[in-house]
Amino acid sequence: MSDSAKDLHSEYMVINMGPSHPVTHGTVKFLLTLEGETIIDMKVDIGFLHRGFEKMCENGTWEQVMPYTDRLNYVSPLINNVGYALAVEKLVGIDVPERCKYIRVIASELSRISDHYTNIAAGAMEVGGFTAFLYFVEARELVWDLIEMLCGARVTSNYVRIGGVKSDLPDGFKDKTRDVFKKCRKLWADVNKLLTKNRIFIDRVRNVGIMPPDEAIAWGFTGPCLRACGIPYDVRKFHPYLVYDQMDFEVPVGEKGDNFDRYLVRMEEINQSMRIVEQALEKIPSGPINVNMPEYRWQSKEDISTRIESLIFHFKTVTEGIKPPPGEIYSAVEGANGELGFYLVSDGSGKPYKCRVRPPCFPLTAAMPKMVKGGFIADIVPTFDMINMIGGECDR
Amino acid sequence: MAANLIESIVKILFIFSVNIGFFSPILGWVERKQSALMQDRVGANRADVCGFTLIGLFHPIADAIKVLTKEDFIPEGADRLFHTIAPFISLTPAIITFAVIPFGGQYELFGHHVNLIIADLDVGILFVFAFASLASFGSVLAGWSSNNNWSFLGGLRASAQMLSYEVVMGLNIIGVIMVYGTLRLSQIGAMQADFFNWGIFLQPVGFVLFFTCAIAENKRAPFDVAEAESELVAGYFTEYSGMKFVMFWMGEFLEIVTIGALVTTMFFGAWHLPFVSDQMLLNYFRFAGPNGAASLAIVVNIITFFSKVIFFIWLQMTIRWTLPRFRYDQVMRLGWKMFLPIALINIFITGVVILAK
Amino acid sequence: MEANITINKLKARFAESIVDAHSYRGDDTAIVKKEELLDIFIFLRDDKELLYNFMMDLTVVDYLGKEPRFEVVYHLYSLAYNRRVRIKTRVSESECSVDSIVSIWPSANWFEREAFDLYGIVFKGHPNLSRILLYDSFQGHPLRKDYPIKKRQPQIGPNNN
């Protein structure tokens, strides 16, 4: 038996999946060792989208970092904006006005909805369900219309400011949101019909990419992938920031930690995020949207033109940057993929001494080989999609 | 003799123009437009001539110009001969199989006996199968000769899948043969003049299995594991460009038509309208004289037949744009562990029923 | 004192190794000696009243001009008690290495590779300490404060090897 196996001309096939391969969106390379279709070994190579985010931050002012954060997770840029602004505010010790907090919650949740739409859509497309893909892309377009209405841009929003937001909610935002959510719910129901009970889809994602809860913790999973394992860790619930403690929402959890659970968790989170947005729009108080601290947040244009103190502060903050006191903080928000942490070190100057991002999909991508080893090539597709690796965030 | 020759040439030209001239370019457009309709999009609408877009109907022409002027690329290290003939092997069976599929009945026209089938072989079904299995050589050769690992994996998948599903498809056909007692497709068609004699009533399970297996044989979604673009880039035709690439594409589209035609012939009354036999048609058109009646009946036959074919093309497109893709091992499990036993049971039950009669 | 339970327990257990501790803006921070790093992390992970089961983040800060120059920063999170702690250890430029914690948390694997890649800190005992974000022939460690921003890297590619 062993002799005949030795005589057979059998060797593993080593094959390069990526960086230019349809499934490796986000630019990543898998070096696969295959026996037939079975994955014997896998090496993940990232860094194709590395732009030196931290180096750029260290050479710009605190305010100038904000547009860079758009390009971290470019599918949900508003959450990155909010996360960075909250981190700097924690470093300085700013408490933003109540209305601003509500606006930030709305912005974050809209971003989270669009991120989950994109993720599920891409997942459906990659297992061949092109129709479901386009349904959710349409829903995402509708949400992006809302984001465009809010801040004038669809993808690179650059909406949040340290100590406030760029502008108030536009007129008619509430009505428009109601219309959009109505259409989105219909599209959600369509996709739910197309995928959730589709035997082929279930066969593709059920029991694929399983991660047991204890290992998921050890590998640093957060976000929907951790919740799919049954662990209800959500920064919004465990360390409520902004006004999430006043919102009524649930954290969906899965049971097995496979790709189907990740899909279901994301599907349900879309609904919960919509609920949060609706509640926030209902409860939002009137009042200022920016903190009244001219050394950190620019005054209004009118003040700058008419009051000399405002003009001086404006001049100082624009040319030198705001100057947080020396110190270091870590602040986390719930990104669409998991815990998005910012570790900031200030030396008291106008530039960040250190601006570290904890990218949620970085540890997820690191665990890819563990999740797919022993499976088939085809299993890479849904697994890689459901960890939702975003190149901009993972490679920075 | 000359009349026979003319008849054959006319029929061949007709099928050729319908298939190559109409179906294969138009199906590319149909696929785009139908998927667009299903997905709430506009679909192809940019190609225009003097400002007229004609709901995107110029796209097939634009596509043709594009692929014909593209570089015919053969990758380094590829087997030039097999790389070149593979697309031909893929395309030819799809065209040839149409020769034995009847698209109408038999009529007397100007004293000449007209049989609306190119080659009325007595082993028509076997002929179809013989050529359909040739198509698998095309994918295997394409995958192997391209000198590309993804193509290779795609070729392997294609060969395994096509072989497995041919077995099940063959077993399904046995049920049909048992019921009608003939291999001649024109005879199978003629026997379905009575509405309740249609294959769908006699072999309902056979129809579902045959249709599914035929889609799998054609490697279209949800069975497109051999060309799964998210896994294998484009499977066995990754390294093809220009006209050779389009030949695979055309082969696939023509096979859609062939599947539709086969299903129509074997399960949906071939060229017959429900409850209307050829003789009744001739009686309806008595007013036009014997030759006129026969001509009108032929036209009705052809329209009926191709309407049914178009319905099944539509059905295949709908399935393709609705369902996600299977995994390779799931496709094989479905074929060998589900369809094969069901097909065997189907044959057994058919036999029992025939005996009981 | 509930907020500082981690620091207190650490001080009680590893009195020698804790260089400093503070709690700026509510972030508990302990600066420890790198020699006993592994023991401290195992203690933090396994102690019944701490249970820091998440290794959330690992990074390095370059305090150019100070001695020791680098600070390796670990952020831990305890799911059971919903607590965070920051552990820092100082690494000098001359002896630029620290023990790898991959054996404690597998998530540290890539984070340590990234720290090695961008700061040049060597993690002793790491299973595969190679560059991760940059390419293998990259020269220098770009997040060090003395790395010139406009430095050009040598061209790489099939024609330059």
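Reply: One term to start: two residues are in contact if their C-beta atoms, placed from the backbone, lie within 7 Å. This is a predicted model, where local features need pLDDT of at least 70, side-chain atom pairs count only at pLDDT 80 or more, and totals for chains, interfaces and linings use all residues. Residues are numbered from 1 along each chain as its sequence is written, and chains are lettered from A and ligands numbered from 1 in the order in which they are written.
Me: How is chain A divided?
Reply: Into domain 1 (2–45) and domain 2 (53–294 + 320–395). Those bounds come from an automatic or database domain assignment.
Me: How many residues of domain 1 of chain A are in contact with domain 2 of chain A?
Reply: 12 residues of domain 1 of chain A, against 18 residues of domain 2 of chain A.
Me: Which element gives the largest share of the domain 1 side?
Reply: E3(A), with four residues. Strands here are DSSP runs (E, at least two residues), helices likewise (H or I, at least four), numbered from the N terminus.
Me: New topic. At what angle do H5 and H6 of chain A pack?
Reply: About 160 degrees, with their axes 8 Å apart. Axes are lines fitted to C-alpha atoms, for helices over the stretch in contact, and angles run from 0 to 180 degrees between N-to-C directions.
Me: So how do they run relative to each other?
Reply: H5(A) and H6(A) are therefore roughly antiparallel, a label for angles over 145 degrees.
Me: And chain B?
Reply: 22 residues of chain B are in contact with 24 residues of chain A. Helices H9 (229–232), H12 (289–322) and H13 (328–356) of chain B each give two or more residues to that side of chain B.

Definitions and conventions
Angles under 35 degrees count as roughly parallel, over 145 as roughly antiparallel, 65 to 115 as roughly perpendicular and the rest as oblique.
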